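Colleague: Could you take me through the contacts in this model, with the cut-offs stated as we go?

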Amino acid sequence: MAVKAKFLVYFYLLALGWGPILQGMMGLATFRIDEALIPIMAIIYVLLPVLLGKNLLPTVPKPFGYTWGTYLILTFLAMLGQSLTLGHKSWIPLVYLARVFYVTMVFYTIYVFIRRKERYARDVMDLFVIISLGISLVGILQWFGVAPVRDVILKYYPRITTFAPHVATSTFGGNPTILGTFLLISISYVFAQLVVLHNKGKQWLVLYGSLAILMFCLFLTVAKMAILSLPALLSFLGVLAGKKRIGTLFLALFSLAVILDLVNVFTPRVFTRFSISWDVSVEGRVLVWGNLKEQIFAGAPTLLFGYGFQERTGVITENQYFYELYHKGILGLLGYTFFLFGNLWYFLWLFLQAAKESYERAIYLGTCGMLVAIAMVGFTYTTIQPERLTEWVFVMLAVAYASAARHNFVHWRSL
């Protein structure tokens with residue numbers, strides 16, 4: 001049973017990493033195999049052990065329940081307000097709510113799985129790094145135009161931005177910003193292990209090598225906000241780790257400078273595209289935000305509840321905070337802000353409470369980095385709306401919360 005349990009979770013994570021290559025399930029063009037696995041895993045890991053009397057049902061961690069629960073309640077109230085005040089009557093919002101329910105199930109299923117055995121947290125973390133490296137290598141090979149990889153990308157991961165040549169998109173559906181955000185998350189967890197754990201020999205080389213590959217691929221995405229966030233993210237994590245780890249931070253920043261030089265030598269088009277697209281990107285976003293502001297402040301109902309999802313579904317907000325404000329009004333913005341920064345505050349507290357050089361301390365620091373990265377990139381992109389990226393965020397939150405639960409921050413109770 002244990003072997004089968006591990007196999008399903010690890011296969012799910014691999015499928016989530018490689019995504020669209022395993023889609024088209026049950027005749028549905030966008031239905032992926034990882035989406036089919038989650039209900040099966042929920043039945044096997046959550047329901048069956050309880051029904052068979054083998055395990056008790058763990059409670060939802062209170063901080064997650066408070067933060068995510070607030071987001072859900074305010075989202076529901078915003079949609080209810082849209083229906084009552086704006087006269088919106090459509091089934092489309094239910095699709096959004098179904099997606100929200102799905103990522104909640106992702107979180108709880110992975111949380112229960114890791115809650116059962118502490119070593120599963122290490123396994124999932126190691127597998128996450130391996131998957132991230134695979135995704136990065138695909139992006140690097142894609143950028144350099146290696147024929148087999150390019151053909152696979154065009155077939156299974158089609159580009160959605162034909163106007164943006166010479167950028168790495170890897171397995172994220174042709175969108176370099178999504179890949180860039182994912183890489184920031186991966187970098188957070190790898191760097192957290194470097195500054196928290198006492199690494200030696202091969203482990204030290206593997207972690208630094210992984211960090212270098214992830215950062216190099218990040219520059220090939222030419223995702224401007226993600227790239228600009230990288231030094232700030234590394235500095236935040238390094239300073240938080242304490243004075244004794246400042247040397248590791250300086251070494252990481254030196255590695256970043258070396259990678260910049262390598263990018264300039266081997267891929268100079270990255271800097272060319274970065275500079276050419278800068279003005280257009282800034283002007284475009286300012287124009288979009290100006291138009292959105294006029295629409296949002298058009299009346300009290302839209303300001304409070306937003307426009308919902310059944311109208312103007314093609315609107316691009318280029319900002320996670322504007323996304324919440326436009327679609328769900330002030331209620332949605334408050335819910336998202338409370339969820340994001342409430343979790344950040346909680347894991348900062350856990351990091352300060354955890355034992356020095358403990359593995360869970362590295363997980364908490366990496367989770368803080370993930371949340372900070374999402375907060376920063378969210379100013380120029382809708383960070384947690386792309387489905388697979390959102391699922392990765394909830395998987396990693398589940399790992400962090402399960403680690404906290406294993407150390408008596410969350411208690412068990414009977415069903």
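Colleague: Where is Glu318 found, and which residue has its C-alpha atom separated by 7.9 Å from that of Glu318?
Modeller: This is a predicted model, in which local features need pLDDT of at least 70, side-chain atom pairs count only at pLDDT 80 or more, and totals for chains, interfaces and linings use all residues. Residues are numbered from 1 along each chain as its sequence is written, and side-chain values use heavy atoms, with hydrogens and water left out. Glu318 sits in the loop between helix H12 (300–305) and H13, helices being DSSP runs of H or I with at least four residues, numbered from the N terminus. The residue 29 places away along the chain whose C-alpha atom is separated by 7.9 Å from that of Glu318 is Trp289.

Colleague: Leaving aside neighbours within four places in sequence, which residues is Glu318 in contact with?
Modeller: Contact here means heavy atoms within 4.5 Å. With neighbours within four places in sequence set aside, the partners of Glu318 are Arg285, Trp289, Phe379, Thr380 and Tyr381.

Colleague: At what angle do H13 and H15 cross, and is the crossing left-handed or right-handed?
Modeller: Axes are lines fitted to C-alpha atoms, for helices over the stretch in contact, and angles run from 0 to 180 degrees between N-to-C directions. The axes of H13 (residues 320–353) and H15 come within 12 Å and cross at roughly 35 degrees. A crossing counts as left-handed if the near helix is turned anticlockwise from the far one by less than a right angle, and as right-handed if clockwise; for H13 and H15 it is left-handed.

Colleague: How far apart are the axes of H14 and H15?
Modeller: H14 (residues 359–377) packs against H15 (residues 387–406) at an angle of about 145 degrees, and this crossing is left-handed. Residues that meet there include Tyr364 and Met370 in H14 and Met396 and Leu397 in H15. The separation of the two axes is 10 Å.

Colleague: Which residue forms a salt bridge with Glu35, and why does the pair tie together parts that are 64 residues apart in sequence?
Modeller: A salt bridge is a side-chain nitrogen of Lys or Arg within 4 Å of a carboxyl oxygen of Asp or Glu, and the structure holds five. In the bridge formed by Glu35, the closest N and O atoms are 2.9 Å apart, and the partner is Arg99. The pair ties together parts 64 residues apart in sequence because Glu35 lies in H2 (residues 33–51) and Arg99 in H4 (residues 92–116).

Note on methods: Helices (H or I, at least four residues) and strands (E, at least two) are DSSP runs, numbered from the N terminus.
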